[in-house]
Amino acid sequence: MKGPVAASLSAAIYAILALVFAPFLIITGGVVCLSGLRHGDVAGLKVALFATLVAGGLFFFALDGSRLGAGLLVVLLPLALLAGVLRRTNNQALALILAAALASVYAIFMRATVGDIDAYWNARLGNFGEAVVAQGGRFLSAEELSLVSGMMHGTTLVLVLLFLLGSLLLGRWWQSALYNPGGFGTEFRELVLPKPLLVGAAIVSVFSLVSIGSQTSAGLVGDALLLLMALFAVQGLATVHH
């Protein structure tokens, strides 16, 4: 709250620390969201961009990791959008649905560009395993590798959504603690997902069951089911607190 420079440096520092402990990235996202929630869309975008320049520059020169900087920008920009929506509507349910929609963009992109998603993860994990074995370590067997590869896309998809939700709710909680004590709890306890989403979840569930029964890949339907399960888990948590 001291200004965009202080916020950007804070976000960049935690993005760098995330290389050691990944959940620190949620703090980076929370800083971006807090800036957007308190000072508007432009402020959130500025912090996201400046933090990427600082952390991305370090990644590039110290680790030769230009992709890390680009990846950081890709995950921070959507947070500025989510913060802007929540700031204007004060509707956590709408912001959560938008976060799920953004996560679905990742799922669509992966399936459209990779093709066989299980084979993609099998190859990535296989290369990692070879490096581990070469250094004297032990890795998964062929059967275990196949099993884990089949779970990687869904796991990554849910983690993307949890990062977006965790960052947004953290930023909202900080805003409440600073300027509206108790407001976050009240808002979260009143969270209600719209009823049409329940109908959509039922339809997606039926299609997913049909794909399982026919022993075919659920594809995007399975991805949608995972995202919906995560959304309703948050709804359940809000209901329990209520």
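Analyst: Let's start with the angle words: under 35 degrees counts as roughly parallel, over 145 as roughly antiparallel, 65 to 115 as roughly perpendicular, and the rest as oblique. The angles run from 0 to 180 degrees between N-to-C directions, and the axes are lines fitted to C-alpha atoms, for helices over the stretch in contact. Helices themselves are DSSP runs (H or I, at least four residues; strands are E, at least two), numbered from the N terminus.

Keep in mind that this is a predicted model, where local features need pLDDT of at least 70 and side-chain atom pairs count only at pLDDT 80 or more, while totals for chains, interfaces and linings use all residues. Residues are numbered from 1 along each chain as its sequence is written, and side-chain values use heavy atoms, with hydrogens and water left out.

Helix α1 (residues 4-17) packs on helix α2 (residues 24-39) with the axes 7 Å apart, at an angle of about 160 degrees. The two are therefore roughly antiparallel. Their crossing is left-handed; that label means the near helix is turned anticlockwise from the far one by less than a right angle, and right-handed means clockwise. On the α1 side the contact uses A7, A11, Y14, A15 and L17, and on the α2 side F24, L25, I27, T28, V31 and S35. Contact here means heavy atoms within 4.5 Å. Sorted by class, those residues come out as nine nonpolar, two polar and no charged. For the classes, Ala, Val, Leu, Ile, Met, Phe, Trp, Tyr, Cys and Pro are nonpolar, Asp, Glu, Lys and Arg are charged, and the others, Gly among them, are polar.

Next stop is helix α4 (residues 66-89), which holds A83. A83 counts as buried because its relative accessibility is 0%; buried means under 20% relative accessible area, exposed over 50%, and partly exposed in between, with a 1.4 Å probe and protein chains only. Leaving out residues up to four places away in sequence, A83 touches C33, G36, L37 and L168. L37 sits 46 residues away along the chain, yet its C-alpha is 5.4 Å from that of A83. N90 isn't a glycine, but it has a positive phi of about 55 degrees. Most residues other than glycine have a negative phi.

Now for α7. Helix α5 (residues 92-114) and helix α7 (residues 142-179) have axes that come within 10 Å and cross at roughly 150 degrees. So α5 and α7 are roughly antiparallel, and their crossing is right-handed. The α5 residues in the contact include A95, A99, A103 and Y106, meeting α7 residues that include H153, L157, L161 and L168. By class, the contact has 16 nonpolar, three polar and two charged residues.

The largest nonpolar core has 47 residues, and L161 is among the members that touch the most others, along with L76, L79 and L191. (A nonpolar core is a set of buried Ala, Val, Leu, Ile, Met, Phe, Trp, Tyr and Cys residues joined through side-chain atoms within 4.5 Å.) Setting aside neighbours within four places in sequence, L161 contacts A99, A100, A103, L227 and A230.

Also on α7 is S167, which counts as buried because its relative accessibility is 0%. Beyond residues up to four places away in sequence, S167 touches L25, I26, G29, G30, C33 and L79.

Helix α6 (residues 117-134) meets α7 as well: the axes come within 8 Å and cross at roughly 110 degrees. That makes α6 roughly perpendicular to α7, in a right-handed crossing. I117, D118, W121, N122, L125 and G126 of α6 meet α7 residues including L145, M152, H153 and T156. In the loop between α6 and α7 lies G137, which is partly exposed because its relative accessible area is 31%. Its C-alpha is 44 Å from that of A83, 54 residues away in sequence.

Last, A201 lies in helix α9 (residues 195-213) and is buried, at 12% relative accessible area. Apart from neighbours within four places in sequence, A201 contacts L228 and F232.
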